[in-house]
Amino acid sequence: MSEPTTASFLLIGDVAETQWTLALKMSLLPLGSLCVLAEDDAVLSVENHIYDVIIIDAGAIHDAALLTRRLRTNRPEARIIIVTASPTWEYTREALQAGAADYIHKTFNQEELRIVVQEVMDKPPPERPV
Amino acid sequence: MKILLADNDADFLETRAEFLSNAGYQVLKAGTLEEAQRILAEEYIHLAILDIRLVDDDDGKDVSGLMLAQDPAYQHITKIVFTNFPNYEDARASMRTSKSGPAPAVNYLAKKEGPGAMIREVREALKEHVRINPDLRIRWQQREGLHSFAQLVGVIAPETENGELVKRVNELEDLFRRLFCTYDQITLSCILWQKQSQVALGIYAYAHNHEEQFVVVCGERQVIQTSLGNLAEYALNLAKTQVQIAEKTMHFAAMALSLNEVELETLQSFATFYRENTGQTVRRCLDVMVQTTLSPWMQRTQWIDPQVHMVEHFRERWGLAEPLYPRSAFDTAVQTLAQRALLHNIVELTVAPEQLIFSFPGGQRVMYPDPGKLLYLDGSIPFSWKGVCETAAGDLDVHTILVEPSGQTWITDLGYTHMMPAGYNLAQLETNLRFSLMPTDNLQTLWNFETQVLDATLHGQTLRIGDVEPSYRKALPLIQGLRQAAKYVTNDSVAYQINLFLGALAYFVPYHSDWDYTRAEVAHFLHTILFAAMIYDALDKLDPVSSPGSQHQHCPPLRVDAKNREVWVGNHQVMVSQTEFDLLLYLYQRAGQLCRREDIVKDVFHLPDSSAGDQASLINTNIGRLRKKVEFDTCSPRYIETVWGQGYKLIVQPE
């Protein structure tokens, strides 16, 4: 009998566990497993491993849009969500033009987080040129 | 480039439109939501710039422009949304990917960013997303009458109204400018083939003086996109890599196929090759086609799906199913065809209850069962095969298969790449050959030929060229070659004949009772009906199980060929894994005898006695898999019997 498939998620940000990363982990539990890596390790990991969704904590990264472009160079089909505590329309544009599938306001609501991730999983990856 | 600019602020609209015009763009202005909708629906534009608040600037809830951008009907148009009130939520809604496909817009601008920013972003959007090369040089070689995009629109979309023609021509030209956006020049050489809503062109493309050659298949967008979807899902990697580029516009789409190291100028269709070459040369070409072009498709793993009613699938595919083609329409068509046959003095066709009687001018009279009776039998046409399927390489057609002088062939119409019964491609090719290339000027000699071929098939014999009329000496080796190849692939002659039966009727479907036809056309349709009736008659002899009305109680014998490691149920080979084969062989070598579970575990799976739990699971799983593959009904297995509490017994020929 084959094992049911579970999704694989990557959070790129601060590897020290925070309240938010815990909320994210709990929200994704029904869908799959979450791996947390710092930026450089994450870039290497994405080269060798396919994640269903990659989540970037913009607050812990120097430039999330640039990181998105970098990740999509090796994985054009990557589904990336950028999470930020203070979204602006200018950075929303920049992030989504870089090829992120979504750019969301950081929330602790597990249901909201799960819905956003599920929606991104259900959609085709962005068609934006890398 | 044509740009739609939509804003309900009249002054802003005029000002920004002027900036765009000065930048070299043709601007269509829309001052209302309705006007914007009309232009999106009716005009051919390259880019749309939509204000978010298209109804009321003072209403914070007005997102009418955004909703227009999100409308799936305009998904194919590149859009930019702009606003006087930029905010995170609207930016996100405008630019994140939607469920059905791309994001509603490729950019989100604030009006306060100024006209310079708008022009810059428009240029960027056109370059990155619209990707039309306005500098691409387009040259027409004017071979075989190919001379303009207007001509191509006439071929692909002949129903285009006069008022729309110019827009469609511009759109088709843009499609080619997108397809070859990285090249400096294309030379359109010739039409290689054309069929409903599609055309294949030979094209030379140049970039930095380097020449590449392509076969470009273009047509109605839905048709080409379906082809690409089928390719992505079913095709071999080899076929997928043939498609170098693909693009689409509102109404059209195209894919460019690269045929490695082939000179376009030497390519011709198989139909032309057949007419211009000797029988021997054509037979050699067919052998090459089967052994090299088709072989990789036929060697893909076959699978069996007993749930699949392939005959029903074919009825739908070829428009032979009710209510599209009801029995009454079929009967009327046959009757009017009979009248026309008499008028043209081809044959006297009498339509009797459940029978067709052909009385040839020479006096010979033959009677066959009415093919309509088998075609419209309630439920699936019964016959004893188990749904052995493979991936078929599209619809093989002698007009779309391309041949180069060496005899190498290329399949270029991959639109209907799909799961099909094993041997489908070969039966289809035979059908296509029969009804496209064989002469029909004398129905009696045609009937003689078909009778000879059928009789040879029934008796497992091969006809010699000299055995048949000269008119058919070119077709004979091809038909026999295809049937030989089909035997190798499926060894299921019943399924092959069913394919021929339905294929013949598919050629009859276009016959209209109300239209007049030439003598040659009437003869062609008579050939289809006659052949279908002959096949129906032959099916009875090939496989008595397939007789309508007969109850399917007969189980053909099961045979395990240890030397070749093959499993056969009647005439059908069953594909099994190594473990399944070892288990089945073990039971087969002890057919009729009880094989105890503990002996099976020891002799087949080589497990020690202690692993009781593993034993049960392993045996149950493999027996279950075998039953799914060989049994007609896994709930009532007849080959692999369970002896409760003890083991299993194989019955080679169930009663």
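In this predicted model, B:Asn499 sits in helix H18 of chain B, which runs over residues 493-508. With a relative accessible area of 4%, B:Asn499 falls under the 20% cut-off and therefore counts as buried. B:Glu430 is 69 residues away from B:Asn499 in sequence, but their C-alpha atoms are 9.9 Å apart in space.

The largest nonpolar core has 112 residues, and the members touching the most others are B:Val215, B:Phe358 and B:Phe508. Helix H19 of chain B (residues 519-542) supplies the largest share of this core, 14 residues. A second, separate core holds 65 residues, among them A:Leu24, A:Ile61, A:Ile80 and B:Leu50. In soluble globular proteins, nonpolar side chains tend to be buried together.

Beyond its neighbours within four places in sequence, B:Phe508 makes contact with B:Tyr325, B:Phe330, B:Ala333, B:Val334, B:Leu337, B:Phe525, B:Thr528 and B:Ile529.

Helix H5 of chain B comprises 17 residues, 114-130, and spans 23 Å from first to last C-alpha, close to the expected 24 Å. Its buried residues are B:Gly114, B:Ala117, B:Met118, B:Ile119, B:Val122, B:Ala125, B:Leu126, B:His129 and B:Val130. Elements of chain B that cover the buried residues of H5(B) include those tabulated here.

| Element of chain B | Residues |
|---|---|
| strand E1 | 2-6 |
| helix H1 | 10-22 |
| strand E3 | 47-51 |
| strand E4 | 78-83 |
| strand E5 | 107-110 |
| helix H7 | 162-179 |

Notes: Residues are numbered from 1 along each chain as its sequence is written. Chains are lettered from A and ligands numbered from 1 in the order in which they are written. This is a predicted model: local features need pLDDT of at least 70, side-chain atom pairs count only at pLDDT 80 or more; totals for chains, interfaces and linings use all residues. Side-chain values use heavy atoms; hydrogens and water are left out. Helices (H or I, at least four residues) and strands (E, at least two) are DSSP runs, numbered from the N terminus. Buried means under 20% relative accessible area, exposed over 50%, partly exposed in between (1.4 Å probe, protein chains only). A nonpolar core is a set of buried Ala, Val, Leu, Ile, Met, Phe, Trp, Tyr and Cys residues joined through side-chain atoms within 4.5 Å. Contact means heavy atoms within 4.5 Å. The expected span of a helix is 1.5 Å times one less than its number of residues.
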